[in-house]
Amino acid sequence: MTPSDRAVYRRTITGFSNPLVKFLRSLREKKHRKREQRFLAEGLRLLTDARECGIVPEMLVMAIGRDPHPLLDALEQAVAEAGGDIVEMDEEILAKVTGKDNPQAVAGVFAEFDTRIANLDRASAPIWLVAQALRDPGNLGTMLRTGDAVGAGGLILLDDCADPFSVEAVRASMGAIFTQKIAIARWDEFQDWLRAGDGQLVAASLRDPTDYRQAPYAAPCFLMVGNESQGLPQAYEEACDLRVTIPMRGRADSLNAAVAGAVLAYEALAHLDGPHRQDGN
């Protein structure tokens, strides 16, 4: 039976002990998200972005007594047409679900996306972002948002990164989790995939680097940043086609990982789109 064949199941929950409330709260923990292969997203704007990308939540959760809004009406209709579930609950219960004292009036449960790197189409975009051992979900969400802003194909997460489907990462992405492809891989798997086709691997580095403004970027360009505190392992940097540095003119010796990724992404985009464009062939 497909989702569209199911009747819409609409219900109202008024008790904290309801099993569905416990299920929804469990999605704030990684082990439960992996078991259920589901994640939680909150906010009308974010869920509208998902709908506009053709992605509809399997379950729409709304606060009782919420203010009417045409975007919410459109979202509710889309969920109903897809055969999803619609649940209403007191605002206090919704706060328990989202972990926020002042939750937005709507949240959704989505199936996790396919994150196999083999399914990426590297030719679909000139720029891809790559993060190694990125631990802060806020940084991860910001990188997704940057990728959306520059028209990147997506974000490739290497080794032990934060979970892109955590509530914090989804919230920080500002909807970009629905517009960007996400792949999760170990370093060796990524290298094998990358070298099986076209692709220039660029690292933010201090090891024999080129100034990021003068670097010969080539599409498809994979821009890699490392762990927030340790940076990239030396072996990873040595495997890159190009190493670049961003000058520091103050006392700081480095930029936040997500900020560095954004700076490099816009510079690479300017080169690939501009008069100094390099062919990857």
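**Pockets, sheet and helices**

Let me begin with the second largest pocket, where the lining residues divide into nine nonpolar, five polar and four charged. What you have on screen is a predicted model. That pocket holds about 300 Å³ of space. Its lining is made of 18 residues, and those nearest the centre are Asp-114, Leu-120, Gln-180, Lys-181 and Ile-182.

Next, the sheet. It is open and has seven strands, in the order S8-S7-S6-S11-S9-S12-S10, with parallel pairing. At the edges stand S8, residues 181–185, and S10, residues 210–211; each has a single partner strand, so one side of each is left without a neighbour in the sheet. As a general point, strands of a sheet pair through backbone hydrogen bonds, and they do so either parallel or antiparallel.

S10 runs parallel to S12, residues 242–245, and two bridges join them. Asp-211 has Thr-245 in S12 as its bridge partner.

Now S11, residues 221–225. Is this strand enclosed or left open by the rest of the structure? Five of its five residues are buried, so S11 is largely enclosed. In a regular strand, side chains alternate between the two faces of the sheet. In S11, Cys-221, Leu-223 and Val-225 point one way, Phe-222 and Met-224 point the other way, and all are buried.

S11 pairs with S6 and with S9. S6 and S11 run parallel and are joined by five bridges, and Ala-131 has Val-225 in S11 as its bridge partner. S9, residues 200–204, pairs with S11 in the parallel sense over four bridges. There, Leu-201 stands opposite Phe-222 of S11.

The peptide bond joining Ala-219 and Pro-220 is cis, with omega at about -5 degrees.

Moving to the helices. Two packed helices are described by the angle between their axes and the distance between the axes. For H1, residues 19–26, and H5, residues 91–98, the angle is about 35 degrees and the axes are 7 Å apart. The residues that meet are Val-21, Leu-24 and Arg-25 from H1 and Ile-93, Lys-96 and Val-97 from H5. By class, that contact has four nonpolar residues, no polar ones and two charged ones.

H3 covers residues 44–52, and its buried residues are Leu-44, Leu-46, Leu-47, Thr-48, Asp-49 and Ala-50. What covers them? The cover includes S2, S3 (59–63), H4 (70–81), S5 (106–111) and H7. After H3 comes Gly-54, which has a positive phi, near 85 degrees.

A search of the whole structure finds one cavity of 30 Å³ or more, and the largest cavity holds about 60 Å³ of space. Which elements give two or more residues to its lining? They are S2, residues 38–42, and H7, residues 167–173. S2 gives the largest share, three residues. By class, the lining has four nonpolar, one polar and two charged residues.

Leu-140 is in H6. At 0% relative accessibility, Leu-140 counts as buried. Leaving out residues up to four places away in sequence, Leu-140 touches Leu-134, Leu-155, Leu-157, Ala-162, Asp-163, Pro-164 and Ala-169. Leu-140 and Leu-232 are 92 residues apart in sequence and, C-alpha to C-alpha, 16 Å apart in space.

Last, two backbone angles. Gln-37 has a positive phi, near 55 degrees, in a residue other than glycine. Gln-37 sits in the loop between H2, residues 30–36, and S2. Ala-133 also has a positive phi, near 55 degrees; the loop holding Ala-133 runs between S6, residues 127–132, and H6, residues 137–150. Which of these is buried and which exposed? Gln-37, at 51% relative accessibility, counts as exposed because the cut-off is over 50%. Ala-133, at 8%, counts as buried, because that is under 20%.

That is what I have for today.

Methods. Residues numbered from 1 in each chain as written. Predicted model: local features only at pLDDT ≥ 70, side-chain atom pairs only at ≥ 80, totals over all residues. Heavy atoms only, no water. 1 Å grid on protein atoms, 1.4 Å probe; cavity = no way out; pocket = protein on both sides within 12 Å on 5 of 7 lines; lining within 4 Å. Points joined across faces, edges and corners; volume = space filled by probe spheres on them. Nonpolar A, V, L, I, M, F, W, Y, C, P; charged D, E, K, R; others polar. Pairing = 2+ DSSP bridges. Axes fitted to C-alpha atoms, helices over the stretch in contact; angles between N-to-C directions. Contact = heavy atoms within 4.5 Å. Buried < 20%, exposed > 50% of the residue type's maximum accessible area, 1.4 Å probe, protein only.
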